[in-house]
Amino acid sequence: MRSIGHVPTEANAAKFSDILAVEGIDNSVEADPEGWAIWIRSEDELERAKELLTAFLLNPQDPRYAGKSDRARQLRQKALAELDEVEQRTFDRRAVFGATVPYGVGALTAVLMCLCLAIAVLAWTGYKERIGAELFITKVEISPGTLTALPGLAEIRNWEFWRLLTPAFIHMEPLHLLFNLMMLLSLGSMIEARIGTGRFGLYVILFGIVSNLAQYHVAGPLFNGFSGINYGLFGYIWARGRLDPRSALYLHPQTVVMMVAWFFLCFTGVVGNVANMAHAAGLGLGLATGFLSSLPARRRRPKD
């Protein structure tokens with residue numbers, strides 16, 4: 001917080017605080033030896049607040065200040081009502097994956113989970129070769145103990161655009177599938193409930209394509225799994241939840257620790273061959289998307 005100056009009397013200090021509130025400048029008043037100090041929270045509002053204080057001190061009884069206190073009171077009551085509404089919509093923050101309880105399972109989230117599960121079951125019941133031919137980013141030949149693929153993206157150049165996204169739905173190992181389904185259930189349902197199925201779907205496509213292409217260009221076509229998208233969803237919630245509290249998006253600290261620890265653990269190679277670049281690209285894009293999505297709310301409200 002920054003002090004912008006002093007007002008001689010308590011009554012005028014309270015009056016000026018109301019004026020700042022009406023102007024959208026978050027502030028507080030404190031008594032000190034020089035009078036009543038006026039503090040504001042946002043550095044961006046510093047010059048504007050100083051100008052208002054200078055004008056006020058020249059003529060505190062100026063008619064243009066009439067009614068400001070009533071207006072400020074109304075704004076504060078509205079803000080409190082909105083905070084109460086957010087609290088009613090927000091899930092129990094004590095639960096690491098508590099979002100799925102109050103929000104339920106989003107329709108698209110359920111469809112995505114079913115797709116991942118169905119493709120995994122097909123892979124485990126004798127259809128690995130067909131999956132490798134049709135759903136990897138480029139055609140992959142699967143033989144006992146080996147996966148081989150041609151360089152380049154010839155199939156995509158031949159209009160098979162679904163391959164940009166479908167590697168995310170392939171899971172060859174049960175634990176890989178289970179972890180990704182748990183994260184999708186928690187993160188996907190939360191986002192879908194807060195921003196709607198349409199926008200959630202667009203984010204899934206965006207995070208999936210970018211993370212898949214990033215992984216392909218760094219390590220080639222032999223990768224699969226939903227974790228690139230999950231890290232995008234994680235980054236989106238993390239950034240937007242912190243920058244726009246009224247979004248009602250929230251990550252329990254244990255979830256953050258788990259996701260970040262897993263992110264760096266994968267880079268060590270201890271857990272085997274992991275699509276680290278897909279994780280990194282998804283996380284980076286998710287953070288950027290969350291930040292950009294929070295900008296309208298941050299412009300409307302004073303910054304903390």
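The structure is a predicted model, and the protein in it contains 12 helices and 5 strands. Of the 304 residues in the protein, 42% are buried. The protein exposes about 16100 Å², and 60% of this area is supplied by carbon and sulfur atoms. When contacts between residues at least 6 apart in sequence are considered, 74% of them join residues that are at least 24 apart.

Helix 1, which covers residues 10-22, has 13 residues and reaches 19 Å from its first C-alpha to its last, a value close to the 18 Å expected at 1.5 Å a residue. The buried residues of helix 1 are Asn12, Ala13, Phe16, Ser17, Asp18, Ile19 and Leu20. Just after this helix, Gly24 takes a positive phi of about 80 degrees. Helix 10, formed by residues 227-243, has 17 residues that should span 24 Å at 1.5 Å a residue, and the C-alpha atoms at its ends are 24 Å apart, in agreement with that expectation. Helix 10 is also mostly covered, since 14 of its 17 residues are buried.

Phe200 has its place in helix 9, and with a relative accessible area of 0% Phe200 is buried. Leaving aside neighbours within four places in sequence, Phe200 is in contact with Leu108, Thr109, Leu112, Gly188, Ile191, Glu192, Ile195 and Leu233.

A polar atom of the Ser211 side chain lies 2.7 Å from the backbone oxygen of Phe207. Beyond the residues up to four places away in sequence, Ser211 touches Gly228, Ile229, Ala278, Ala281 and Gly282. Asn212 is likewise found in helix 9, which comprises residues 197-219, and Asn212 counts as buried at 3% relative accessibility. When neighbours within four places in sequence are set aside, the contacts of Asn212 are Ile137, Leu164, Leu165, Pro167, Ala168 and Phe223.

Cys114 is exposed, with a relative accessible area of 51%, whereas Cys266 counts as buried at 1% relative accessibility.

The aromatic residues were then considered in pairs. A pair of aromatic rings is described by the distance of the centres and the angle of the planes. The count of aromatic pairs comes to 12. In the pair made by Phe179 and Trp262, the ring centres are 5.8 Å apart and the planes stand at 40 degrees, so this pair is tilted. The pair links distant parts of the chain, with Phe179 in helix 8 (residues 174-195) and Trp262 in helix 11 (residues 253-268), 83 residues apart. Phe179 is partly exposed, with a relative accessible area of 26%, and Trp262 counts as partly exposed at 31% relative accessibility.

Phe263 and Phe264 form an aromatic pair that is edge-to-face, with 5.2 Å from centre to centre and 85 degrees between the planes. Within this pair, Phe263 counts as buried at 11% relative accessibility, whereas Phe264 counts as exposed at 52%. Both residues also belong to a cluster in which ring pairs link Tyr231, Phe234, Trp238, Phe263, Phe264 and Phe267.

How values were computed: Residues numbered from 1 in each chain as written. Predicted model: local features only at pLDDT ≥ 70, side-chain atom pairs only at ≥ 80, totals over all residues. Heavy atoms only, no water. Helix = DSSP H or I, 4+ residues; strand = E, 2+ residues; numbered from the N terminus. Expected span 1.5 Å × (residues − 1). Buried < 20%, exposed > 50% of the residue type's maximum accessible area, 1.4 Å probe, protein only. Contact = heavy atoms within 4.5 Å. Areas by Shrake-Rupley, 256 points an atom, 1.4 Å probe, with all protein chains shown as cover. Phe/Tyr/Trp six-rings, centres within 6.5 Å; stacked < 30°, edge-to-face > 60°. Polar contact = N/O pair within 3.5 Å; in protein donor to acceptor, adjacent residues only side chain to side chain.
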